[in-house]
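This report sets out selected structural features of the protein shown below. Please consult the sequence and the structure alongside the text.

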Amino acid sequence: MPSVAIKLYSAFFKLFLKHRLQSRVDAIADEFGVTSRPEESTAPANPSFAADGVATKDIHIDPLTALSLRIFLPDSFRDARPAALKPSFASDPDLSVRANGFSYPAVIEADRRSYDGPGTGAAYQGYLPSPGVFHRAASRRLPVILQFHGGGFVSGSNTSTANDFFCRRIAKLLDVIIIAVGYRLAPESRYPAAFDDGLKVMYWLAKQANLVECNRSFGNGRGGDARRMDSQRHIVDAFGAATMEPWLAAHADFSSNQSYKLLVLVLLAIMPVFGCILCYELQIILCVLLGVSCGANIADFVARKAVEAGKLLDPIKVVAQVLMYPFFIGTVPTHSEIKLANSYFYDKATCILAWKLFLPEAEFNLDHPAANPLMPGRAPPLKCMLPTLVVVAEHDWMRDRAIAYSEELRKVNVDSPVLEYKDAVHEFATLNMLLKTPQAQACCEDIAIWVKKYISTRGHEFSY
């Protein structure tokens, strides 16, 4: 059984959570949305590896919504290269990064000083990829994990202290780049806003890979001179190279062993000819989805859309998903929903209130496709789904439906093991109070073992 301290903390947690949910019943709809709550503690982004070997930064990818991302980059990519090629920290405001066709502004804005304190006037001190990093042989490429935080769709944040700690732990255990998605919260932005945000990030990631390859093809300096590269910069910029995310461009895993040829017709208006045909290699990005609580519902939705899209989503290849204590529910209660309805931290009544705030009033139904993964008629067929790891807790009323979903996947020969943790509660590996417990650490290590089977460059390792 959970300790007395956890029981007391759970009682106060549920009291405050219910009060917060009730206070948001009359919230005004806002298409732009919010991605965090003022009462939640947040961890500032730190683009330096000095603290724990993981650098972070926040970016916004959609000017029409509050959708934001936090990127977690572990410093493990530096270990496999000579010291001369290891990336340096940008201390010179006139640093120019250009190599192998990558071009970045020669001057770093003087007002980027948020990491050195307000008003210091110091140059940006965070990590920037050095020229050598952009050469394929000079850097270790890392797979990408899209992470969706929990919070019942109405709270939580990708920048919260707890989520920041959890993502750092996973990034170090797996040696991966983690993109934590700050989706829009309800009730300001109801369904399908959060689900659409998850899919939007997937397509944004695909665009990043396309921009990198296009930039390489037009600006490749191998066998050419700098003047030719400069003359072609306008072509690259026309494809949006200025929007390339440098951390992903330098370190994301564009796996060459799964490349294929893509024929692109490029019209060059400034040239005397009508156009030219460019044939270049488009690399595949290996991607894993990781969802926590309600974030698992979003991850499962994105996984389904990725399966439906097929090659239309190239160059993104989603290879697996991890659902940590998913926020599933249904009209017909399961055994655990009856027995553990008043369980720790998130009881059933409070979660139903969260669903009422998330789903539009006209669509509220506990068997809604966003809530119940086992409703008949959902596309695509389960036999087409991705390998799915399901994590459940013994004292979580949602556990039985998550296990049932895993069983249905296994019936159609989809790799879908279940990791069940004894004496654990909902969000036992991601809740502030429980993050540093041995059980939380063990859970992350178990997840890492399974995920490595699908992202390891050394072939299949021991896994469940």
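## Confidence of the model

The structure is a predicted model. Its mean pLDDT is 80, and 73% of the residues reach 70 or more. Over residues 81–121, however, the pLDDT is below 50, although this stretch has 98 contacts in the model beyond near neighbours in sequence.

A further stretch, residues 256–282, has a pLDDT that stays under 50. For residues 256–282 the model has 51 contacts beyond four places in sequence. Where pLDDT is low, the predicted coordinates should not be read in detail.

## Packing of helix 1 and helix 9

Two packed helices are described by the angle between their axes and the distance between the axes. For helix 1 (residues 4–23) and helix 9 (residues 348–358), the angle is about 25° and the axes are 10 Å apart. Because angles under 35 degrees count as roughly parallel, helix 1 and helix 9 are assigned to that class. Their crossing is left-handed.

Helix 1 contributes L17, K18, L21 and Q22 to the contact, and helix 9 contributes T350, L353, A354 and L357. By class, five residues in the contact of helix 1 with helix 9 are nonpolar, two are polar and one is charged.

## Packing of helix 2 and helix 11

Helix 2 (residues 161–174) and helix 11 (residues 438–455) cross at roughly 45°, and their axes come within 9 Å. The two helices are therefore oblique to each other. The crossing of helix 2 and helix 11 is right-handed.

On the helix 2 side, the contact involves F166, R169, I170, L173 and L174. These residues meet A440, Q441, C444, E445, A448, V451, K452 and I455 of helix 11. The contact of helix 2 with helix 11 has nine nonpolar residues, one polar residue and three charged residues.

S336 belongs to helix 8, which covers residues 335–339. With a relative accessibility of 2%, S336 counts as buried, because buried means under 20% relative accessible area.

Apart from neighbours within four places in sequence, S336 is in contact with A341, D396, W397, M398, R399 and D400. One of these contacts, R399, is 63 residues from S336 in sequence, yet the two C-alpha atoms are 6.8 Å apart in space.

## Backbone exceptions in loops

Most residues other than glycine have a negative phi, and most peptide bonds are trans. Y191 and P192 are joined by a cis peptide bond with omega of about 10°, and P192 is placed in the loop between strand 6 (177–182) and helix 3 (193–219). The bond from A379 to P380 is also cis, with omega near -5°. P380 is found in the loop between helix 9 and strand 10 (388–393).

Positive phi values occur at F153, where phi is near 70°, and at N413, where phi is about 65°; F153 is a residue other than glycine, and N413 is likewise not a glycine. F153 is in the loop between strand 5 (144–148) and helix 2, whereas N413 lies in the loop between helix 10 (399–411) and strand 11 (418–421). Are these residues buried or exposed? F153 counts as buried, at 1% relative accessibility. N413, by contrast, is exposed, with a relative accessible area of 74%.

Note on methods
Residues are numbered from 1 along each chain as its sequence is written. This is a predicted model: local features need pLDDT of at least 70, side-chain atom pairs count only at pLDDT 80 or more; totals for chains, interfaces and linings use all residues. Side-chain values use heavy atoms; hydrogens and water are left out. Axes are lines fitted to C-alpha atoms, for helices over the stretch in contact, and angles run from 0 to 180 degrees between N-to-C directions. Helices (H or I, at least four residues) and strands (E, at least two) are DSSP runs, numbered from the N terminus. Angles under 35 degrees count as roughly parallel, over 145 as roughly antiparallel, 65 to 115 as roughly perpendicular and the rest as oblique. A crossing is left-handed if the near helix is turned anticlockwise from the far one by less than a right angle, and right-handed if clockwise. Contact means heavy atoms within 4.5 Å. Ala, Val, Leu, Ile, Met, Phe, Trp, Tyr, Cys and Pro count as nonpolar, Asp, Glu, Lys and Arg as charged, and the others, Gly among them, as polar. pLDDT is the predictor's confidence in each residue, from 0 to 100. Buried means under 20% relative accessible area, exposed over 50%, partly exposed in between (1.4 Å probe, protein chains only).
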